[in-house]
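This report goes through one protein chain, from a single residue up to its overall make-up. Keep the sequence and the 3D view open while reading.

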Amino acid sequence: MDKYSSPRTRVTQPYIEKEKVKGSFTEEEESVLPPSRLWKAGIRAVLNLLPKIMPEVIASAQLLQGDGSVGSIRQLNFTPAFEAFTYVKDRVDIMDNEKHLFKYTVIEGGPIDSKLKSYSIEIQFQATSSEGCLSKMTLDYDTINDSLLPEEKVAKMKEGIMGMGKAMEAYLQANPDAYV
């Protein structure tokens, strides 16, 4: 296990290509909620729910282009409480309702152009034998320079992305009739 790994995290070794490095990490979390509820709330309704359940961080979320399916462009705008960035804009790459598989690529904002050339996130909800699910998130990135992101930057990215998932799960548990 290297310095970027934890029991639930898998990090690939860097791949150097003309002064940029491709990195990746995977994080998994178990949930008592079924995949269908997490999918409906956390993927299909995320633009409506995030500002509602995380108003201290997410000022607004909007669909800029498309209908939310593959090819759509979305934007999250952060409050001043989130000091690192003011917004992120992403493109939906995969939206598989049957496999509960979603992938998007951040195309503007956030760490794009300051630390990363690009990054994409793939999320999948898989049913477990206990009627809950395993949420798996993989983030692939290309750095601007010739090294992997420092451990603390990786930890911050995980914290932000997984924090949204945990807020969504807490909301669903507190509202058992929502998104059934």
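Where is the place of Asp 90? Asp 90 lies in strand S6, which covers residues 87–96. The model is a predicted one, and every value below was computed from it.

Is Asp 90 buried or exposed? Its relative accessible area is 5%. Buried means under 20%, so Asp 90 counts as buried.

The side chain of Asp 90 makes a polar contact with the side chain of Arg 74, at 2.8 Å. Leaving aside residues up to four places away in sequence, Asp 90 touches Ser 72, Ile 73, Arg 74, Tyr 104, Thr 105, Val 106 and Ile 107.

## Two loop residues with positive phi

Asp 113 is not a glycine, yet it has a positive phi of about 75°. Asp 113 sits in the loop that joins strand S7 (101–109) to strand S8 (116–127). With a relative accessible area of 66%, Asp 113 is exposed.

Glu 131, also a residue other than glycine, has a positive phi near 70°. The loop between S8 and strand S9 (133–143) holds Glu 131. Glu 131 is exposed too, and its relative accessible area is 67%.

How many of the 10 residues of helix H1 are buried? The number is 7, so H1 (residues 35–44) is largely enclosed by the rest of the structure. The buried residues are Pro 35, Arg 37, Leu 38, Trp 39, Ala 41, Gly 42 and Ile 43.

Helix H2, made of residues 46–53, is mostly covered, with 6 of its 8 residues buried. These are Val 46, Leu 47, Leu 49, Leu 50, Pro 51 and Ile 53. What do the buried residues of H2 pack against? Their partners are H1, strand S4 (58–65), strand S5 (73–78) and H3.

## The largest pocket

Rolling a probe the size of a water molecule over the atoms shows where empty space is left. The largest pocket in this model has a volume of about 1,200 Å³. It is lined by 50 residues, and the closest to its centre are Met 157, Gly 160, Ile 161, Met 162 and Met 164.

Which helix gives the most to this lining? Helix H3, residues 151–174, does, with 13 residues. Sorted by class, the lining of the largest pocket has 30 nonpolar, 12 charged and 8 polar residues.

## The chain as a whole

The chain contains 3 helices and 9 strands. Read from the N terminus, its elements follow the order β-β-β-α-α-β-β-β-β-β-β-α.

Of the 180 residues in the chain, 46% count as buried. Among contacts in the chain with a separation of 6 or more, 49% are between residues 24 or more positions apart. The accessible surface of the chain is about 10,000 Å², and carbon and sulfur atoms account for 51% of that surface.

Definitions and conventions. Residues are numbered from 1 along each chain as its sequence is written. This is a predicted model: local features need pLDDT of at least 70, side-chain atom pairs count only at pLDDT 80 or more; totals for chains, interfaces and linings use all residues. Side-chain values use heavy atoms; hydrogens and water are left out. On a 1 Å grid over the protein atoms alone, a cavity is a set of points where a 1.4 Å probe fits but cannot get out, and a pocket is an open set with protein on both sides within 12 Å along at least five of seven lines; lining residues have an atom within 4 Å of a point. Grid points are joined across faces, edges and corners, and a volume is the space filled by probe spheres set on the points. Helices (H or I, at least four residues) and strands (E, at least two) are DSSP runs, numbered from the N terminus. Ala, Val, Leu, Ile, Met, Phe, Trp, Tyr, Cys and Pro count as nonpolar, Asp, Glu, Lys and Arg as charged, and the others, Gly among them, as polar. Buried means under 20% relative accessible area, exposed over 50%, partly exposed in between (1.4 Å probe, protein chains only). Contact means heavy atoms within 4.5 Å. Accessible areas come from the Shrake-Rupley method with a 1.4 Å probe; for residues, only the protein chains shown count as cover. A polar contact is a pair of N or O atoms within 3.5 Å; within protein, one must be able to donate a hydrogen and the other to accept it, and residues adjacent in sequence count only if both atoms are side-chain atoms.
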